[in-house]
2 protein chains.
Amino acid sequence: MSEIRFSTIERDEYTLIRFELDTIKPENLKTLKPPKVNNAKGVVLSGRGPTWLYCYLVHHYHPTRFIAIYDPRIGAIIVESHWPSYSVGDIIKINEEEI
Amino acid sequence: MSEIRFSTIERDEYTLIRFELDTIKPENLKTLKPPKVNNAKGVVLSGRGPTWLYCYLVHHYHPTRFIAIYDPRIGAIIVESHWPSYSVGDIIKINEEEI
């Protein structure tokens, strides 16, 4: 059985959602319960996992203000925004200590 | 300058969108022009690229019937569906020859 451990850190403008997993299979998406967030903020996703898990989470968090993907070499890259002060392709600097 | 080459293959139920790239930077998302598709079908994404590029494309193709991510070890995993006959976590078998 696969298990995903989510943890969240609240920041003023976004919720940092980190996940850890041992293994994941596509069928696990059917029962996944990602953490509830405040949709009036953005979401930054961070964790080691397959691309399709990230893609699932991006759709799941679609109602939030923006979604960014944390890449340790770059920062958090905004891939979706519904708010004028956040633009796709922009990078949010994340404190490495909080990842 | 970064360049992404998209190619599409039309199938009855989905458009297979494949991309190839040398390098990509987050700022390239600002000017990316993914191929237009028929939103009455699904989309299957395939290519070697960073997770944040996939996540951008998933949001871009949000209006389509479903979105699946091709993983060569598994098949195309549905990560988002707006149509009853396609469920998140299901796998679409893709003919390897068309990838």
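Start by selecting A:Phe6 and A:Phe19: A:Phe6 stands opposite A:Phe19, which lies in β2(A). Strands here are DSSP runs of E with at least two residues, helices are runs of H or I with at least four, and both are numbered from the N terminus.

Before moving on, a word about what is on your screen: this is a predicted model, where local features need pLDDT of at least 70 and side-chain atom pairs count only at pLDDT 80 or more, while totals for chains, interfaces and linings use all residues. Residues are numbered from 1 along each chain as its sequence is written, chains are lettered from A and ligands numbered from 1 in the order in which they are written, and side-chain values use heavy atoms, leaving out hydrogens and water.

**Stop 1: the sheet of chain A**

Now show β1(A) and β2(A) whole. They pair in the antiparallel sense over seven bridges, and a hairpin of three residues joins them. Two strands count as paired if DSSP finds at least two bridges between them. In general, the strands of a sheet pair through backbone hydrogen bonds, either parallel or antiparallel.

For a parallel pair, pick β3 (residues 42-47) of chain A and β4(A), which are linked by three bridges. Click on A:Val43 and look for its bridge partner in β4(A), A:Ile67.

**Stop 2: the helix on the sheet**

**Stop 3: over to chain B**

Chain B has an open sheet of six strands, in the order β1-β2-β3-β4-β5-β6, with mixed pairing. Select β1(B) and β2 (residues 14-21) of chain B: they run antiparallel, joined by seven bridges. In this pair, B:Arg5 stands opposite B:Glu20 of β2(B).

Return to α1(A), which also lies across β4 (66-71) and β5 (75-81) of chain B, at about 10 degrees to β5(B).

**Stop 4: where the chains meet**

Show both chains together. In contact (heavy atoms within 4.5 Å) are 25 residues of chain A and 25 residues of chain B. The area buried between them is about 2,000 Å², with 74% given by carbon and sulfur atoms; buried area is the accessible area (1.4 Å probe) that two parts lose on being put together, summed over both. Highlight A:Trp52, A:Cys55 and A:His59, which supply 25% of the area that chain A buries against chain B, more than any other three residues.

Finish with A:Asp90 and B:Lys30. They form a salt bridge, with the closest N and O atoms 2.7 Å apart. The term means a side-chain nitrogen of Lys or Arg within 4 Å of a carboxyl oxygen of Asp or Glu. How many salt bridges are there between chain A and chain B? The count is two.

Terms used. Axes are lines fitted to C-alpha atoms, for helices over the stretch in contact, and angles run from 0 to 180 degrees between N-to-C directions.
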